[in-house]
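The following exercises concern the structure shown below. Please study each task before reading its solution.

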2 protein chains.
Amino acid sequence: MKARITVTLKPSVLDPQGKAIEGALGSLGFAGVGSVRQGKVFDIELSGSDRAAAETQLKAMSEKLLANTVVENYRVEILDNHA
Amino acid sequence: MKARITVTLKPSVLDPQGKAIEGALGSLGFAGVGSVRQGKVFDIELSGSDRAAAETQLKAMSEKLLANTVVENYRVEILDNHA
């Protein structure tokens with residue numbers, strides 16, 4: 001089973017990296033860029049085919065390792081279920 | 001208009017960071033984790049409401065700044081169109 005976890009900074013948290021990209025895009029001549037926020041994705045291959053169990057496991061992984069829930073949000077998606 | 005660019009390593013490229021996360025998940029007791037690959041997401045706010053023009057612009061941004069197309073793939077999504 002393929003899954004994707006997307007970790008993004010909470011909206012209230014400053015994102016200097018995003019700001020830098022915003023500036024760089026402006027310097028490159030891209031107009032109309034409002035705000036840029038950078039996040040992370042994790043593409044995870046899981047064995048087993050129980051979707052609900054996989055979601056629970058992926059959430060636990062996010063809480064324990066992948067996301068810092070003080071400043072970050074995460075979203076879990078199951079991309080396919082051909083295991 | 002909100003857009004998301006997802007940049008992932010090409011499948012043929014080694015991902016040591018992903019491997020490290022794989023190992024860490026194993027040490028934390030998560031079983032059945034096959035492979036982990038890490039990528040980046042950019043959430044970009046654009047002015048204007050021309051979807052096709054926005055897509056062209058986002059692709060140009062990816063090629064020029066956000067992705068290293070030698071080793072990375074990118075995907076452009078328009079998340080909403082309420083500009």
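**Exercise 1.** Determine how E2(A) and strand E2 (residues 33–46) of chain B pair, and over how many bridges.

*Solution.* E2(A) pairs with strand E2 (residues 33–46) of chain B in the antiparallel sense, over 11 bridges. Strands here are DSSP runs of at least two residues and helices are H or I runs of at least four, both numbered from the N terminus; two strands pair if DSSP finds at least two bridges between them. Finally, turn to the pairing inside chain A, where E1(A) and E2(A) are antiparallel over 7 bridges. There, Lys2(A) has Glu45(A) of E2(A) as its bridge partner.

The model is predicted: local features need pLDDT of at least 70 and side-chain atom pairs count only at pLDDT 80 or more, while totals for chains, interfaces and linings use all residues. Residues are numbered from 1 along each chain as its sequence is written, chains are lettered from A and ligands numbered from 1 in the order in which they are written, and side-chain values use heavy atoms, with hydrogens and water left out.

**Exercise 2.** Describe the interface between chain A and chain B by its contacts and its buried area.

*Solution.* Begin with contact (heavy atoms within 4.5 Å): 32 residues of chain A meet 32 residues of chain B. The buried area (accessible area, 1.4 Å probe, that two parts lose on being put together, summed over both) is about 2,600 Å², and carbon and sulfur atoms give 63% of it. Phe30(A), Val41(A) and Leu65(A) supply 19% of the area that chain A buries against chain B, more than any other three residues.

Then consider which elements take part. Strand E1 (2–9), helix H1 (16–27), strand E2 (33–46) and helix H2 (51–66) of chain A each supply at least two residues of the side that touches chain B. The largest share of that side, 14 residues, comes from E2(A).

**Exercise 3.** Where does Glu22(A) form a salt bridge, and how many salt bridges are counted between the chains?

*Solution.* A salt bridge requires a side-chain nitrogen of Lys or Arg within 4 Å of a carboxyl oxygen of Asp or Glu. Glu22(A) forms one with Lys19(A), the closest N and O atoms being 3.5 Å apart. Both residues lie in helix H1 of chain A, 3 residues apart, about one turn of the helix. The count over all chains is 8 salt bridges, whereas between chain A and chain B it is 0.
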